[in-house]
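Open your viewer and get ready to select strands. We will go step by step.

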Amino acid sequence: MKVEFLATDDSRWSRFLARCPHDGYHTPEFMGHAAQHEGGAPCAAWGRGDGAEFLVPLLLRTLPDELTADEPGLDATSPYGYPGPVCTGPGAAQETEAFFEQFRSVAAERDIVSVFLRLHPLLPLPAPVTFSNELVHHGPTVVVDLE
């Protein structure tokens, strides 16, 4: 699994979304607007393995000086809404854990010290992920068809 960070103008982002179930929250355009309102630099962590691809839209923010001591750092967060990780491919269930392991490694190389992800309630990951930190479950999401 290879993971890299994509800018909003990288055509691989849009090409991925054309092949994957997603929401408006996952688009580069939404991320650009979110960055204007919430701060930070919009990007996406994109991973491609043998049988699957993953995308996680993120805002990268510089940590305050009082938290960084002598070394600068970043935090990564999904913007308000539901831009959780999305994936496609026949091997997605088998590659989910590998994506997140590689994501952690690449994030550390970029001096990202924390990541906050909001998961999408209607586009779940194909396999559970074993997070080494804390996963908070707030309860079910209710969908009401307005038609």
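Start with S3 and strand S5 (residues 86–88), which pair in the antiparallel sense over 3 bridges. Keep in mind that this is a predicted model. Now pick phenylalanine 54, and look across to S5: its bridge partner there is cysteine 87.

Next, select the whole of S3, residues 53–62. How many of its 10 residues are buried? The count is 8, so the strand is mostly covered, with buried meaning under 20% relative accessible area.

Now bring in strand S2, residues 41–48. S2 and S3 run antiparallel, and 8 bridges join them. Select arginine 48 and find its bridge partner in S3, glutamate 53. Then trace the chain from S2 to S3: a hairpin of 4 residues makes the link.

While the strands are on screen, follow the side chains along one of them. In a regular strand they alternate between the two faces of the sheet.

Last stop: the surface. Select Val142, Val144 and Leu146. What do they form? They make a nonpolar patch, with about 390 Å² of accessible area together. Zoom in on leucine 146, in the segment after strand S6 (112–116). Is leucine 146 buried or exposed? It counts as exposed because its relative accessibility is 80%, and the cut-off for exposed is over 50%.

Conventions: Residues are numbered from 1 along each chain as its sequence is written. This is a predicted model: local features need pLDDT of at least 70, side-chain atom pairs count only at pLDDT 80 or more; totals for chains, interfaces and linings use all residues. Side-chain values use heavy atoms; hydrogens and water are left out. Patches are made of residues with over 30% relative accessible area and no salt bridge: like charges are joined within 9 Å, nonpolar side chains (Val, Leu, Ile, Met, Phe, Trp, Tyr) within 5 Å. Accessible areas come from the Shrake-Rupley method with a 1.4 Å probe; for residues, only the protein chains shown count as cover. A salt bridge is a side-chain nitrogen of Lys or Arg within 4 Å of a carboxyl oxygen of Asp or Glu. Helices (H or I, at least four residues) and strands (E, at least two) are DSSP runs, numbered from the N terminus. Buried means under 20% relative accessible area, exposed over 50%, partly exposed in between (1.4 Å probe, protein chains only). Two strands pair if DSSP finds at least two bridges between them.
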